[in-house]
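Hi there,

Here is the structure I promised to pass on to you. Please have a look at it first, and then read my notes below.

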Amino acid sequence: MIVPLLLVPLGLLESTATEQHCQDIGFSVVYVNGIFTNEQKARDDLFFLIEEFKRKSTISGVKMLNGYNPSHLAGAADLVQAVSQAIGKPVSNYDRDTILRQIHSEVKTRKILLVGHSQGTFYTNEMYDYLVQNGVPRKSISIYNLATPASRVAGSGPYLTSANDNLVNKVREWSAMYGSLPPLDANILIPVLNPDVDELWRGHSFSGEYLAGASARIVDDISHELARLVAEETAAPSNGCFTPPPMTLAQKVQHAGFVVGDPLASTALAVLQTTGAVAQRAYGAAGAAARIIGDALAHIFSTELSSASAQGAAAALAIASPQPQSDQPDIQSTETSNTLSGEGASQLAFASDVAPPPPPQSPEPPPAPPPSETPQPETTDQESTPQPSEPPIMPLHGSGGGSPTPVVQQPDEAEESVSSEAEESVPIAILSPTDGDALANASFSVIGTSTPNAAITVRHGEDSYETEADDAGDWTLPLDLEEGTHELSFVARVGEKESDALPLSITIDLTAPEVPTLSVVECGSSLAVGGCLIPTDEVTVSWELLPSASSYAVVVNGEEGEIVQGSEQAIQIEFGATTTLALVAYDAAGNRSPVSHVEEVRAETQPLVINEVGWGGSWISSVNRVIVPQNQWIEILNTTEQELDVSQLSISRTGGAPIQLTGIVQAHGALAIIPHSSTEVSGKERKFVFTGQKVVVPFEALSVDGEQLSLLWNAAGGGVRVLDSTPEVAACGGWCEGAALAEIGSIATTGVVAKAPLSMERKQGAADGTSPSSWQRNDSYAASILGYGGEVWGTPGQPNSAALPEAGIYCGERSNLLAAGDAPVPFDPGDGKCELLSRFVSLGKTRWGYVFKGEVGNAEEVKMTVSNHGFTHLGIGLAKTVILVLPEDVHPGDTLFFALWEGGGDGHKDDFLAYFSDGSAEPPHQNFRVVPWVYQPE
């Protein structure tokens, strides 16, 4: 693994740091990423981990480092390594040792925690095994692995794998198929936060899934592991906290291959801006490294897995491995041949004692083309490219995205034309940073390779700086530049020989982007009079693109989300909660802007519902009892603590044109939508007069045969959400409740039965408006009055009726109710203040009421006072407040009953009293009710 680091001098060199002390105080946390993760993404992931740890942990003195694990040969070499790691036989320690050399100068504490993700968990396991044998006591080091495809955690450390991690689940299937050790069992269920990701990688991302969905658990686990580490005394080397692995000859060969093969595989451009001979040797090195690893994999698969898998792996590597030209020696015939024997071969090719198979035979090189003035390019038969055999090679252990296919182009014609003069030039390559990079730090190091012990000179305007390559040809040059774009030129020199100048353009950007401005699209159709309240749990955060920024991140409830390009992002929020949303911007160098202004968004599932439908209209008793269906209404109820504006709502109908609403409804208030403020009946204007809140919105008359009404929220930017609906017409064969003409009382003396329309009301707390059981008929005890004696039998703009019975009594709370016709039940009248109900008598007729102890025909009267009417006389109201005073001879368990009847004249008092007391008289008429009960005080 080649480690290009932008801010500090790292690389494949032996440690050249000055002697450093290993501290007892503090902690070093090393994060190792998975396959196919570029350096910027690895840095972003570590940044998010650091931010979460700062917010949620109380442990201080923690330094978090990136043990960066890049891809080689466009991922092909990493697939080989991952497969071999999965079966416990890594083909090479190259990446492990590179990471260890990288972090050697950065780890300055005895207490070390390795945090791995995906394929990085194989490396943390391997690093642990190395470190405990090279200066780090077991009590001073631990591992915490996430999304691990491995079957163990070295040192018995903790791990976290989600049951929703598709990649780990797939690896588990492959393990069963090929008989290798399966990954550790899932031990958490993290909801998938990015379902649009390719299926194989869904639920696997470090920051997008694990950290976003389980940050508290991850920080807690890390904090627990850090707290149990002990800075144990050890005979560690004086230079650093552990002994770094040496750079072996085998790894130098791999390094040479990857130096050229990596950029070739990903960009098809030669990184060594040199002439043909050096480029050709570079191709040979890349091909040799790939073939060596391919041979190792084939050997492993031949003994551990199926031959089909081995062929698939070899084919994948062959695609990424250009063959050497005929006029150049194969790299195995020169210095690489030494690598393939002895210690180098065993370390690179096989992690076992089994002897490696002989290297594959290269095809005969094509004959050199005859000389001509115009060289003809060599043609390639595309169909002859080896293809992987089934089953395909496993795209193991990445951190997101898809499974890239290695793509390598052949060198162009100019590169294939090799001159003897070019062979004498000195090679030079820059590994980090890359040309055109923007850096957020003025102090950084340029890392590169050349001929061993070459003198390296960089020219920067009129200034120049020098360094020297080491015995392996690796070099590093620290620089400190001012903000701005700098053009650098690098030259390598050995004796009289000198390389061509290698340009490098670097921009030092120390200025953070300006503060971005965000908006929440859905808040454009907010229901709240002040602030943002919306009936959806998914919002679109949008922003204007800044010239100074290249990417953005939405901050949700103080936690920064994934970094994205573009000008908007969909964000999931929680119903029943207020979510804060803000925005930060990043430039190409990684500078972060200050946080934008904060938007507070409240999400509610049903902030408004349809609460009542007065589909029967009203009637005018003082004129000619004419039904007036124009006097209809639809009531909307506010279920929230906020004042709401209904102008973003409309009501769709199955029997008429939609109704666009307008108006303000108070917190927990009701708003009646009426088609007009008055109407004319028999030549007289009848005004819609009631005490509730109302707004005039003209609409076509509601059908008395039934309709389904739906309350719609019209979201900004398009889209409609149904907040509530009444039942379908078919559910009840019309309106499920209410009535056009319902019997609401009778008169015994005339035989007249009063009729009137009743509204359909929602039962208190009923959530599902489409269910018939959520609705009731108005009980007619609460009526809003029209002018000229008419009544609206409903409660527009007011609390709905309590669905009280036609005859009965309640004392105190309405739930403390007795209804006529029920069997005697225990009842406590409390303080005696009660409400007598007598809807069975027509409005406008007098009624009487008594309380008796005993049973009908064998009872004694109990005193009851009626306000303003003396005893027993209830007046002409449907309900009447009374004061009940029980005598001392009434004891718990005694049976009592209320008697209610229609009165006329003296109310037939004497006859009814005789009937109820001793049965000596018959009741004068049948328009009476008896409500029995058993006295049972609490």
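**Confidence first**

The protein averages a pLDDT of 77, and 71% of the residues score at least 70. Please keep in mind that this is a predicted model. Over residues 1-19 the pLDDT stays under 50, and the model has 75 contacts beyond four places in sequence for them.

**Two helix pairs**

Two packed helices are described by the angle between their axes and the distance between the axes. I looked at two such pairs.

How do helix H3 and helix H4 cross? H3 covers residues 94-104 and H4 covers residues 120-131; their axes come within 10 Å and cross at roughly 65°. Angles of 65 to 115 degrees count as roughly perpendicular, and H3 and H4 are therefore roughly perpendicular to each other. The crossing of these two helices is right-handed. On the H3 side, the contact is made by Asp95, Arg96, Ile99, Leu100 and Ile103, which meet Tyr123, Glu126, Met127, Tyr130 and Leu131 in H4. By class, the residues of this contact are seven nonpolar, no polar and three charged.

The other pair is helix H1 (residues 39-56) with helix H6 (residues 206-228), whose axes come within 9 Å and cross at roughly 55°. H1 and H6 are therefore oblique to each other, and H1 passes H6 in a right-handed crossing. From H1, the residues in contact are Lys41, Asp45, Phe48, Leu49, Glu52, Phe53 and Lys56. Their counterparts in H6 include Phe206, Leu211, Ile218, Val219, Ile222 and Leu226. The contact of H1 with H6 divides into 10 nonpolar, three polar and four charged residues.

**Two open sheets**

Strands of a sheet pair through backbone hydrogen bonds, either parallel or antiparallel. Both of the sheets below are open.

One of them has three strands in the order E6-E8-E11, with antiparallel pairing. At its edges are strand E6 (428-432) and strand E11 (474-480), each of which pairs on one side only. On average, neighbouring strands of this sheet are turned by 30° against each other, direction ignored. Four bridges hold the antiparallel pairing of E6 with strand E8 (residues 443-450), and Ile428 stands opposite Ser450 in E8.

The other sheet has five strands in the order E16-E22-E21-E18-E19, and its pairing is mixed. Strand E16 (532-534) and strand E19 (559-560) are at the edges with a single partner strand each, so one side of each is left without a neighbour in the sheet. E16 runs parallel to strand E22 (residues 599-603), and three bridges join them. Leu533 stands opposite Arg602 in E22.

Strand E9 spans residues 455-460 and strand E10 spans residues 463-468, and they pair in the antiparallel sense over six bridges. Arg459 stands opposite Ser464 in E10.

The other hairpin is formed by E35 and E36, with five residues between the strands; Gly717 in its turn has a positive phi of about 80°. Strand E35 (residues 709-714) and strand E36 (residues 720-725) are antiparallel and share five bridges. Leu711 has Asp724 in E36 as its bridge partner.

**Two backbone details**

Most residues other than glycine have a negative phi, and most peptide bonds are trans. Two places here are worth a look with that in mind.

Ser118 is not a glycine, yet has a positive phi of about 60°. You will find Ser118 in the loop between strand E3 (112-117) and H4.

Which peptide bond is cis, with omega near -5°? That is the bond from Ser432 to Pro433. Pro433 lies in the loop between E6 and strand E7 (438-439).

That is what I have for now.

Best wishes

Terms used: Residues are numbered from 1 along each chain as its sequence is written. This is a predicted model: local features need pLDDT of at least 70, side-chain atom pairs count only at pLDDT 80 or more; totals for chains, interfaces and linings use all residues. Side-chain values use heavy atoms; hydrogens and water are left out. Two strands pair if DSSP finds at least two bridges between them. Axes are lines fitted to C-alpha atoms, for helices over the stretch in contact, and angles run from 0 to 180 degrees between N-to-C directions. pLDDT is the predictor's confidence in each residue, from 0 to 100. Contact means heavy atoms within 4.5 Å. Angles under 35 degrees count as roughly parallel, over 145 as roughly antiparallel, 65 to 115 as roughly perpendicular and the rest as oblique. A crossing is left-handed if the near helix is turned anticlockwise from the far one by less than a right angle, and right-handed if clockwise. Ala, Val, Leu, Ile, Met, Phe, Trp, Tyr, Cys and Pro count as nonpolar, Asp, Glu, Lys and Arg as charged, and the others, Gly among them, as polar.
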